[in-house]
Amino acid sequence: MRRKEESKQPNEQEVPEITGYERDLPVSIYQNDDTGHFTRKERYQQYLQSPEWAQVRDDIFVRDQGICLDCGNPAEQIHHRSYPEVMGDENYDDLVSLCGSCHRYRHEIGY
């Protein structure tokens, strides 16, 4: 006998599977006072403060020799060409070292 598929309630939020860097975070990182869950942007901002991101950031600066790949000035920031579905699962080929000016410009033009 087949089970009847359960239907989702209209206001029920679907919670994605937690993997990668996010898997090891305390449950409190997914909760905020308004909705009970942090937004992806809020989780991303917390990830940028993590030791895991610090290691990725250092790896990219070393790979790119501390130089902005757009203008050749000293690099100050790491730019994601695309954002991973799960924070901590970055493809290093999608990360580039940039100075602050070039990083802002890339975000302005959407690249």
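## Exercises on a predicted model

In this predicted model, the side chains of Arg-63 and Asp-64 form a salt bridge, with N and O 2.8 Å apart.

**Exercise 1.** State how many salt bridges the structure holds, and describe the one formed by Arg-106.

Solution. 
- Step 1. The structure holds two salt bridges.
- Step 2. Arg-106 pairs with Asp-70, and their closest N and O atoms are 2.6 Å apart.
- Step 3. This pair links distant parts of the chain, 36 residues apart: Arg-106 lies in helix α4, and Asp-70 in the loop between α3 and β1 (77-80).
- Step 4. Arg-106 is buried because its relative accessibility is 6%, whereas Asp-70, at 38%, is partly exposed.

**Exercise 2.** List the residues of the largest nonpolar core and find which element gives the largest share.

Solution. 
- Step 1. The core has 10 residues: Tyr-44, Tyr-47, Trp-53, Val-56, Ile-60, Phe-61, Ala-75, Ile-78, Met-87 and Leu-95.
- Step 2. Two or more residues of this core come from each of α2 and α3.
- Step 3. The largest share, four residues, is given by α3.
- Step 4. Ile-60, leaving aside residues up to four places away in sequence, touches Ile-78, Tyr-92, Leu-95, Val-96 and Ser-97.
- Step 5. A second, separate core has five residues, among them Cys-68, Leu-98, Cys-99 and Cys-102.

**Exercise 3.** Locate Ser-50, classify its accessibility and name the residue whose backbone nitrogen lies 3.1 Å from a polar atom of its side chain.

Solution. 
- Step 1. Ser-50 sits in the loop between α2 (40-47) and α3 (51-63).
- Step 2. With a relative accessible area of 8%, Ser-50 is buried.
- Step 3. The backbone nitrogen belongs to Trp-53.

**Exercise 4.** Identify the residues of the nonpolar surface patch of about 350 Å², and place Tyr-111 in the chain.

Solution. 
- Step 1. The patch is made by Tyr-105, Ile-109 and Tyr-111.
- Step 2. Tyr-111 is in the segment after α4 (100-109).
- Step 3. Tyr-111 counts as partly exposed because its relative accessibility is 48%.

Note on methods. Residues numbered from 1 in each chain as written. Predicted model: local features only at pLDDT ≥ 70, side-chain atom pairs only at ≥ 80, totals over all residues. Heavy atoms only, no water. Patch = residues over 30% accessible without salt bridge, like charges linked within 9 Å, V, L, I, M, F, W, Y side chains within 5 Å. Areas by Shrake-Rupley, 256 points an atom, 1.4 Å probe, with all protein chains shown as cover. Salt bridge = Lys/Arg side-chain N within 4 Å of Asp/Glu carboxyl O. Buried < 20%, exposed > 50% of the residue type's maximum accessible area, 1.4 Å probe, protein only. Polar contact = N/O pair within 3.5 Å; in protein donor to acceptor, adjacent residues only side chain to side chain. Core = buried A, V, L, I, M, F, W, Y, C linked by side-chain atoms within 4.5 Å. Contact = heavy atoms within 4.5 Å.
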